[in-house]
Amino acid sequence: ALLQVAPVLPAAVPVEPVTVIRNARVFDGTGATLSAPQTVMIRGDRIAAVGNALTIEPGAQVIDAGGRTLMPGMIDAHAHVMLQLSYGKGLSTDSFYWAYMSTRSAKSFLDSGFTSIRDMSGNSFSLKQAIDEGLLPGPRIYPSGPMISQTAGHGDMRTAANPSRMLDPESRSHFEALGMVVVADGRSAVLQAARENLRRGATQIKIAVGGGVASYADPLDVTQYTDDEIRAAVEAAKDWGTYVAAHVYNSDGIRRAIDNGVRSIEHANLVDRKTLQYMKDKGVWLSPQVLVFKSEIRGLTPDQQAKQRQALDGIDQMMTAAREIGYENIVFGADIVTNPDVLAHIGEELTLRTRWFKPVEILRQATSKAGE
């Protein structure tokens, strides 16, 4: 018998598409000025070269910017891609509807120019996977997983209709059952909650160390989690090569968080000047928001609406002090929840910040600073 051997052919190497944008004035996310008109070459999904004398390859798609500005995609460092249902709708529907709604939210971020988001509470792991695999349009998601909260804290969304966990250990809100938040008390439970988030792929851990607008039991001025509980989350994150961000409005909670290793403070509306200076001196990142406190959060009770007004009243003092002391580690974040109509106009957050910062400073907050 004759044995025929077929030649072995090299595997075809996929050709990455090349896009060339010419005649564009570039803002690189850090500088204070735009470049002269330049050419930018993109190979696949990466910028390959920037300059004035680039060789344009045959078959490249060429776009003439006509002297317009080209800038990095923006980053929302405090996003909630999963939490765009009103509280009433969120409590009365299943996980499938939550998922469908999140796909709309993801596209809304992208259509508004936000190519990355830091998701700061929610079960966004599967959504991230679907976007990464090209199944859905959306931004890169850096997920925290469910925010970790103590009983009666900002993540405890139970109402008086829910029994005490001392009577029913399985007592939890619908939000917790869907993995949007998690309630954990004591060092061991906080460690486990943080590690569960890391198991799913959390890129950072978020905890609540003070009261919140949309929760039922906690005024904004209360302090949550003991030193040891905060350290538990910080230790779990550090062992994974990452960090902890903390939801908190008041100075006592901020100081407790920083003293126990938290690296990013979310909100800080009611912070005093000395504590803000303390944050700056410690190199802590500040993630403030404006638009969410001026907009409708759908489904709030009268008490929660009063807390929203209290948070809004504190923004000017906090932002003014940050500007005066030269606080540079500030990122862009919008924190839009329950309201897709507001999310579709997330760019208004950029405009609102011009009360305290120069436009170029705000653009840095939404690009290079958020990237750091």
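**Group meeting: a walk through the predicted model**

Let me start with a pair in one helix: Lys-128 and Asp-132 sit 4 residues apart in helix α3 (residues 125–132), so about one helical turn separates them. They form a salt bridge, with the closest N and O atoms 3.0 Å apart; by that term I mean a side-chain nitrogen of Lys or Arg within 4 Å of a carboxyl oxygen of Asp or Glu. Lys-128 is partly exposed at 24% relative accessibility. For that scale, buried is under 20% relative accessible area, exposed is over 50%, and partly exposed is in between, with a 1.4 Å probe and protein chains only.

A word on what we are looking at. This is a predicted model, where local features need pLDDT of at least 70 and side-chain atom pairs count only at pLDDT 80 or more, while totals for chains, interfaces and linings use all residues. Residues are numbered from 1 along each chain as its sequence is written, and side-chain values use heavy atoms, leaving out hydrogens and water.

Now the whole chain. It has 14 helices and 14 strands, which are DSSP runs numbered from the N terminus (helices H or I, at least four residues; strands E, at least two). The C-alpha trace spans about 75 × 70 × 40 Å along its principal axes. Of the 372 residues, 50% are buried. Among contacts with a separation of 6 or more, 68% are between residues 24 or more positions apart; contact means heavy atoms within 4.5 Å.

What about the inside? The largest nonpolar core has 88 residues, and Ile-207, Ile-265 and Met-279 have the most contacts inside it. A core here is a set of buried Ala, Val, Leu, Ile, Met, Phe, Trp, Tyr and Cys residues joined through side-chain atoms within 4.5 Å.

How many salt bridges does a search of the whole structure find? The count is 20. In one of them, Arg-43 pairs with Glu-57, and the closest N and O atoms are 2.4 Å apart. That pair links distant parts of the chain, 14 residues apart: Arg-43 is in strand β2 (residues 38–43), and Glu-57 is in the loop between β3 (46–51) and β4 (61–64). Arg-43 is partly exposed at 30%, and Glu-57 is partly exposed at 31%.

Another pair is Glu-196 with Arg-199, at 2.8 Å between the closest N and O atoms. These two are about one helical turn apart because they lie 3 residues apart in helix α5 (residues 187–200). Glu-196 is partly exposed at 35% relative accessibility, whereas Arg-199 is exposed at 61%.

Phe-96, in helix α2 (residues 95–111), is exposed, with a relative accessible area of 53%. Pro-359, found in helix α13 (residues 359–365), counts as exposed at 54%. Pro-359 and Ala-32 are 327 residues apart in sequence, yet 9.8 Å apart in space, C-alpha to C-alpha.
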